[in-house]
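I opened the notebook to look up helix packing, the domain layout and the ligand shell. The entries follow in that order.

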Amino acid sequence: MRRYSAFAIVREALRHHSGWERAWTAPAPKPCYDVIIVGAGGHGLATAYYLGKIHKITNVAVIEKGWLGGGNTGRNTTIIRSNYLQDPSAAIYEKARALYETLSQDLNYNVMFSPRGVIMLAQTEHEVRGYRRTAHANALQGVQTAFISPERVRELCPIIALDGPRYPVLGGLWQARGGTARHDAVAWGYARACSAMGMDIIQQCAVTGIRSRNGQVTGVETTQGAIACARLGIVVAGHSGVLADMAGFRLPIESVALQALVSEPIKPCMDVVVMANTVHGYMSQSDKGEMVIGGGADGYNTYAQRGSFHHIEDTVRALIETFPMISRLKMLRHWGGIVDMTGDRSPIISKTPLGNCFINCGWGTGGFKAIPGSGWAMAELMARGTSDLAGPFALDRFRAGRFIDESVAAGVAH
Ligand SMILES: Cc1cc2nc3c(=O)[nH]c(=O)nc-3n(C[C@H](O)[C@H](O)[C@H](O)COP(=O)(O)OP(=O)(O)OC[C@H]3O[C@@H](n4cnc5c(N)ncnc54)[C@H](O)[C@@H]3O)c2cc1C
């Protein structure tokens, strides 16, 4: 596959853009692969990419029932940060954040990583204590964060009302190298790199069954026929329980709809990401000028991939207290994605009761930021059978009671 470069742009401009290749191929499934990954979201594609790049396993198919990046990867609010409390979380999220720093160069695809900085507002004394504690934990973990004063918050984000009617801003947890990236581009960049390594990305192909013999996985049944494989990775976010059922085991996962919206585009007014967890809303401004606003999850389990009016009202009503200027904006779009929530709000990257079948799920409301680190760890686990990064996130932690409690850092906003 030809590299993208300034030279290529000039060359194609002179040739009336007749020489661009397809970014990825659209092959028919082969009868057999070394590895099948189910789910062409960011985590599935990143797993395939690092299997090829690091472990030189390239006889890989990524099977997607819709279009690649059409699940939560293309529906999130793109916040990237690694300021988690527990050591295993900080390790995997910081690995991901560090990989994001050079992802555009690694993939030869501009993922528009923008380390503009993330502030998590402290709006109660309880949050002040919590975020100070997280800043200390981050210092020990080598993650660069700081607890900042209200005045510094206003310097970084002048449109904030520090003395809101219910919750004044008492400070914030600041991660200067957190930020955003273009979510579609992350999926597209990984897909293009996988295709360039000879992997097959098979879209519009749903996995409908999992085949096994003597406790070992042997392949999958799909809407395009049966396909054999030596190893299987299930990376389907909100549909993890469905796939686990096909493989014959149960997961401690609930699927709920998480919602977001964007405003009409306006002139640049905010060049950081702000999360207000007490009132429950978070906001950044996209490169197009839209205010990207994340809201809450529905209070009941569902596979309905859509938004609802009461969430728009709740989220915007809460955020207006801290950002009064958004009261005059019009909403442009609103949507939902099915997120996969575990009880301790940490992911599962694990072997499963079915031999050679692995699962990566439970990223819930906050897995976009983790895509490169998660793919790295899952690839290592699938290739070598063990991974230091993935180890603490094994499925058996729920039986053993080794929870990685991130309900404060990860339970709601992202
Ligand atoms: C509104 C919203 C806002 C969010 N904001 C943030 C944020 O700001 N920051 C952050 O870090 N995270 C955020 N997240 C979470 C983040 O989007 C997810 O954790 C992450 O994208 C999950 O990626 P994935 O690859 O695991 O899943 P997905 O992108 O959902 O990919 C899974 C794929 O599996 C496919 N699939 C399912 N069943 C089958 C089957 N039977 N056969 C074949 N394919 C199948 C699906 O079609 C889908 O494409 C947000 C999520 C939502 C919904």
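Predicted model: local features only at pLDDT ≥ 70, side-chain atom pairs only at ≥ 80, totals over all residues.

**Entry: α3 and α10**

I looked up how helix α3 (residues 87-101) sits against helix α10 (residues 371-384). Their axes come within 6 Å and cross at roughly 110 degrees. α3 and α10 are therefore roughly perpendicular to each other. The crossing of α3 past α10 is right-handed. I then listed the residues that make the contact. From α3 come I92, Y93, K95, A96, L99 and Y100. From α10 come I371, P372, G373, S374, W376 and A377. I sorted this contact by class and got 9 nonpolar, 2 polar and 1 charged residues.

**Entry: α2 and α7**

Next I took α2 (42-53) with helix α7 (residues 183-196). α2 and α7 pack at about 35 degrees, and their axes are 9 Å apart. α2 passes α7 in a left-handed crossing. On the α2 side I found G42, L45, A46, A48, Y49 and G52 in the contact. On the α7 side I found V186, A187, Y190, A191, A193 and C194.

**Entry: domains**

I checked how the protein chain is divided. Domain 1 covers 28-82 + 84-109 + 183-252 + 344-410, and domain 2 covers 118-178 + 255-342. Their C-alpha centres lie 27 Å apart. The contact takes 29 residues from domain 1 and 26 residues from domain 2. On the domain 1 side, β3 (79-80), α3 and α8 (240-247) each supply at least two residues. Which element gives the most to that side? I found α3, with 4 residues. By class, the domain 1 side has 10 nonpolar, 12 polar and 7 charged residues.

**Entry: ligand shell**

I counted 39 residues around the ligand. The closest are G39, G41, G71, G337 and G367. Elements that give two or more residues to this shell are α2, β12 (253-265) and β16 (331-342). The shell divides into 14 nonpolar, 21 polar and 4 charged residues.

**Entry: cross-references**

Technical notes:
Residues numbered from 1 in each chain as written. Axes fitted to C-alpha atoms, helices over the stretch in contact; angles between N-to-C directions. Parallel < 35°, antiparallel > 145°, perpendicular 65-115°, else oblique. Left-handed = near helix turned anticlockwise from the far one by under 90°. Contact = placed C-beta atoms within 7 Å. Nonpolar A, V, L, I, M, F, W, Y, C, P; charged D, E, K, R; others polar. Near = placed C-beta within 6 Å. Domains from an automatic or database assignment.
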